[in-house]
Amino acid sequence: MAPPALLRQRHRAMSTGFNSAYALELDRVSRAFGALRAIDEVTFNVAAGERRAVIGSNGAGKTTLFNVVTGDFPATGGRVRLFGEDVTELAPHERIRRGLRRTYQSSLLFRELSVRDNLYLAARGVARGRFSLRRPAHDDGARRAAEELLSHARLAHLADTLVSELAHGQQRQLEIGMALAGAPRLILFDEPAAGLSPGERAELVALLTALPRHIGFVIIEHDLEIALRVVEKVTVMHNGRVLKHGTPHEIENDAEVQAIYMGEHGYTHH
C-alpha cells in the first residue's frame, strides 16, 4: 500500500484535475506588462524526467515564461503547476522547495570565492538549518554535497580556483553545478551556451547529457545545434505564443521555424 503522504498527493491531484505525472503544467499562462502581453495563453506540459527546449526569435517571450514559472514574475492569467501542485500564487522560494531550479542569462556567482565554496553555499542554501550561525562540522552534509557537485559539474580539478579566474564556459558549468544542489527535480536553463567557444559548447553538451535521468530540464537556447542535441521535445514560441511542438528532427526541418530563425527577426543559426 502506498504511504499516506503519497495517497494524499494522489487524492489532491485527482480532486483538482492536476496530473502529478507531469513535472510542469502550463495552462493558458499569460504575463502582461501594461498593454504588452509578453506571453499570451501559453499551454504545454513537461513530463517528469523529460528534457525540452523552448526556442524562438528574440522577443518571443521565452525568458518571461521562465520568470513566470519560477515566480520571479507573477502570472497575470492562467495556472502554473509543478508535479501536480498549483504553484501559481507561491513565492519563488516555495517553488525551489518543491524541486525547481533555474540558471540565469547573467551570472549570479560569488566571483571572489572558490568553485568549491560557491557549490557549498548552493548546497547550504537549500538545506535545513541553512540560517544557523554555527560553524559547520567537518562532516557537514553541505560539504559532502559540494564535493559531489564538483564531480557532476566536471570541475573537480578546479575546486580551489577563484571564480574570477575561471573561463566563461567554466563559470557556466559552475552555475549548472549550483542548480543541481538539493536534489532538484526540474531545472530551467536560460541560454547556458551564450558566449561559449566551440570547445566550451561541446563540454556543455557533455555535461547536460550526463545529468541523472530523473532530473528533467527545460532549456532556452539561441544555439539550435546545442538545443536540439540535448532534448527529446521542442516547443517553438513566436510573439508570446506557442507556435508548435515537435521532435528535434521535426523542428530542425520545419520550413516555418527556419523562416523565423533565418528571416527578418535578426536571428541566426550558429
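Helix α2 gives the most to the lining of the largest cavity, with 3 residues. The model is predicted, and a search of the whole structure finds 1 cavity of 30 Å³ or more.

**Cavity and its lining**

- The volume of the largest cavity is about 40 Å³.
- Two elements, β1 (22-33) and α2 (62-70), each give two or more residues to the lining of the largest cavity.
- Leu24, Leu26, Phe44, Leu65, Phe66, Val69, Leu188 and Val218 line the largest cavity.
- In terms of residue class, the lining of the largest cavity holds 8 nonpolar residues, with no polar and no charged residues.

- Gly182 counts as partly exposed because its relative accessibility is 44%, a value between the limits of 20% for buried and 50% for exposed.

**Gly182: contacts and distances**

- Leaving aside residues up to four places away in sequence, Gly182 touches Arg101 and Val126.
- Gly182 and Arg124 are 58 residues apart along the chain, and their C-alpha atoms are separated by 8.5 Å.

Technical notes. Residues numbered from 1 in each chain as written. Predicted model: local features only at pLDDT ≥ 70, side-chain atom pairs only at ≥ 80, totals over all residues. Heavy atoms only, no water. 1 Å grid on protein atoms, 1.4 Å probe; cavity = no way out; pocket = protein on both sides within 12 Å on 5 of 7 lines; lining within 4 Å. Points joined across faces, edges and corners; volume = space filled by probe spheres on them. Helix = DSSP H or I, 4+ residues; strand = E, 2+ residues; numbered from the N terminus. Nonpolar A, V, L, I, M, F, W, Y, C, P; charged D, E, K, R; others polar. Buried < 20%, exposed > 50% of the residue type's maximum accessible area, 1.4 Å probe, protein only. Contact = heavy atoms within 4.5 Å.
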